[in-house]
Amino acid sequence: MTATSRDAGQGKYAAVVEGTAQTDYSQLSAFDHYNVCKALQSLQRYSELDRCLPQLRARVGKDPFSPAPLFSYNADFVEILVEGIEVQKHLALGRYDTAYQNARAAYDASHRKPQIIMNSAFSAMTSILTLGINNINDEDGVYAQQIRTHAKIEPLGMLATVEALRGNAEAAQGYREDLLEILAGADKSEFNNGPQLASIRRWLGQSYFIEGKYEDAYAAFVRDDRSDLDKVADGFFEALTFLEKPILEPIAYAATGTNLDDVTFVHDFPLEVMIYRAAYKSGRLDQARAGYDKVLQEPRVANFGDTYFQLLYERGQIAVADGDRTEAGEYFRRAIDVLERQRSHLESEAYKLGFVGNRNDVYQDLVVLLVEEGDAVAAFDYAERAKARAMVDMLASRSQFAAENPQAAALVGELDALERKSVEIVSLDADSQATRAATLDQKRQALQAAAPELASLVTVSPEQAAAIQARLAPDEVLLEYFGQGENLYAFTVTRNEIRAVALPRFPLASTVTNFRRSVQNVRADAYMVAGQRVYDRLIAPVADQLSGKRLTIVPHGPLHYVPFAALHDGSGFLIDRYNLRILPSASVMRFLNKDTTPTEELLAFGNPDLGDPSLDLPGAENETRAIDKGWAQSRILLRQYASESSFKKFAPAFRYLHLASHGQFDPEAPLSSRLLLAPGEGEDGSLTVDELYGLRLNADLVTLSACDTGLGTVETGDDVIGLTRGFLYAGAQSVVASLWPVSDEGTAYLMERFYRNLRTMPKAQALRAAMIETRKEFPHPVYWSAFQLTGSV
């Protein structure tokens, strides 16, 4: 057994890939090559996996695929294994239709002639011992038929899982029935206490679990098709193994370096956890509690990131059901610490089984506990940690952001290596665990010192509440929302105190959608009633705490799409009383209000030539010319000169950047959301969010006078990834962007006044005054409330 195979068998995935070439795997045996690809999938290192898998596919049917010297797999058998890796990858990325195609390919291969080929001497010996005169290598023999039956289990299980995730319950049930037919029709001795029985139970239970059929999942996980005689025999052999273990363990370890306990643990642990989780989900709390407590006492479980997190989190939920709020809080905190110790998504297969769900849930549950206990400060801290975690998940391992800072790039690489090692299945003593944790903390602190903005994207490092309070102006209130579904909390933060309020339950998403529709319907006045309805739910419960003239709002979930300026209390709009600004999180304030070093004032792009007359924006061109009035140091670029290459070349030198063009928001791939500028000089004209993360700007303000530029996608954990966040990371201190397609006439009117005001007013005040003035000419909020300021005031 090679070291690669041994490490793969023990679940030490980081060790499997450590030291291997990342572009050429030809020096490995085909089976070790397979183990590397499987390890990369388990670690979710997809860019490397996308190089590993094609090379592995090229070897199928050409190179011997030998897990051990005595036997090898044929091409059909190998195809099932390779397609299985593809299925896992696409499930992890949410590509269920593609996963289905790979699962079907594995299914087709399982109906051809998958076979295990023995070497001639071993084949002759085992044929005589097991099947008499039948040649074990006979493609149509009894042994081959049994292998083909067993080979169908994984493809059928994958198809049942994929179809459950695709919402095709009938198809999923059909594949489950095929699994049960294999179990019912096969010789039970083949499945006794072996991987086939466990595999069938696992696939049945998982697909039921995804559909929320927890009773069926529990029944599948705990079913035992052995006869009473088989159980007695199994008990005898288990006892015999226990007696032989002191002799076998040293021999096995000396021969292969494999610890038998680790191998057994890796094989049995996942199904054991699934049984306890199914017990929890089906209401068997006593069984689940005892099972969770047993598993959590095992040190090695800490190496299974997602599983460990989920066990801690759900053990906390059981404590809530028990009425032990103190114990629940301790488990929730431990779960969050596990989640935050790793920058990337955790490594296990739980994503595709419906087990993990929204990782933000644990923050939500802890915040609820803390608010109910009256600890508003701690609750606010964890709400901020949730928002910080969101960006970490979205941009994990994007070390290219550090390209301009070699020290930071090196630190990110070291963090990657250390955190990948943390997923190895290794029993560490307490001292070793402490040393590893201390080293990781040192690297994170070094990254924070070298590149704090980069650190904010690749580590969970929110500011403490006191530091956030100190950044607020004396007449400013920060209003932060946090919650899930119909459960929403509002935090009001001033320099002197933090208060938390549970808001009235209401259908948040539909209420926000109805309000937006009413605001965008210029032919109706329903916006007033809809605006009051949202005001009564979001603002009225904390209105007495909103003193001063400055209001900073940190939205959550669907609230990112609310035009807060248009909320109405029955006598006036919110914009009438406050200078408003939006922040993605309160912690982002530490990166704002920095001194910028631009040498010129205004750079404006208008009506870029996109090569299609239907995309021309003459109103944007007029708007751009209008805002130029009164600026001594300005540059206006129109049509073919309003290009992406010009933006990248000139933008760093200007304090104010104005882009009047088309914006396109991509909800499926938010980092591909873009502004359309003219192509040329090696640029395609699409200024994407992804590209913005590689730029360095000195702008005090970027104004995106385009359609839907303020939109983003609300990722798991509540961050909006869109153009606004891209410009903030690139160095802009603030961004003004729109929440919906805006009219030429109203926008030109508002922007001309906004830029006139900027010469004498702070940004938030300048935008508020421009909105109020525009409302006199264009009363309907569709014309003046689309734009909002995000960032510094």
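Trainee: Where in the chain is Ser585 placed?
Mentor: In this predicted model, Ser585 lies in the loop between strand S8 (579-582) and strand S9 (600-608).

Trainee: Why is Ser585 called buried?
Mentor: Its relative accessible area is 10%, and buried means under 20%. Ser585 therefore counts as buried.

Trainee: What does Ser585 touch, leaving out residues up to four places away in sequence?
Mentor: The contacts of Ser585 are Glu384, Lys387 and Val554.

Trainee: What makes Ser207 buried?
Mentor: Ser207 has a relative accessible area of 0%, and the label asks for under 20%, so Ser207 is buried. Ser207 sits in helix H11 (residues 195-210). Beyond residues up to four places away in sequence, Ser207 touches Ala160, Thr161, Ala164 and Arg176.

Trainee: On to helix pairs. What describes two packed helices?
Mentor: The angle between their axes and the distance between the axes.

Trainee: Then why are H26 and H30 called roughly parallel?
Mentor: Helix H26 (residues 618-627) packs with helix H30 (residues 744-758) at an angle of about 15°, and their axes are 9 Å apart. Angles under 35 degrees count as roughly parallel, so H26 and H30 get that label. Their crossing is right-handed.

Trainee: Which residues of H26 and H30 meet?
Mentor: From H26 come Gly619, Glu623, Ala626 and Ile627, and from H30 come Asp744, Thr747, Ala748, Met751, Glu752 and Tyr755. By class, this contact has 5 nonpolar, 2 polar and 3 charged residues.

Trainee: How do you know that H30 and H31 are oblique to each other?
Mentor: The axes of H30 and helix H31 (residues 763-777) cross at roughly 140° and come within 8 Å. Roughly antiparallel would need an angle over 145 degrees, and roughly perpendicular covers 65 to 115. H30 and H31 are therefore oblique. The crossing of H30 and H31 is right-handed.

Trainee: What makes up the contact of H30 with H31?
Mentor: On the H30 side are Gly746, Tyr749, Leu750, Arg753, Phe754, Arg756, Asn757 and Leu758. H31 brings Lys763, Ala766, Leu767, Ala769, Ala770, Met771, Glu773, Thr774 and Glu777. These residues divide into 9 nonpolar, 3 polar and 5 charged.

Trainee: Is the crossing of H4 and H5 left-handed or right-handed?
Mentor: Left-handed. H4 contributes Tyr46, Leu49, Asp50, Leu53, Leu56 and Arg57, which meet Val82, Glu83, Ile85, Glu86, Lys89 and Ala92 of H5. By class, the contact of H4 with H5 has 7 nonpolar, no polar and 5 charged residues.

Trainee: To finish, how many helices and strands does the protein chain have?
Mentor: The chain has 32 helices and 19 strands. Buried residues make up 54% of its 793 residues. Among contacts with a separation of 6 or more, 72% join residues 24 or more positions apart.

Note on methods:
Residues numbered from 1 in each chain as written. Predicted model: local features only at pLDDT ≥ 70, side-chain atom pairs only at ≥ 80, totals over all residues. Heavy atoms only, no water. Axes fitted to C-alpha atoms, helices over the stretch in contact; angles between N-to-C directions. Helix = DSSP H or I, 4+ residues; strand = E, 2+ residues; numbered from the N terminus. Left-handed = near helix turned anticlockwise from the far one by under 90°. Contact = heavy atoms within 4.5 Å. Nonpolar A, V, L, I, M, F, W, Y, C, P; charged D, E, K, R; others polar. Buried < 20%, exposed > 50% of the residue type's maximum accessible area, 1.4 Å probe, protein only.
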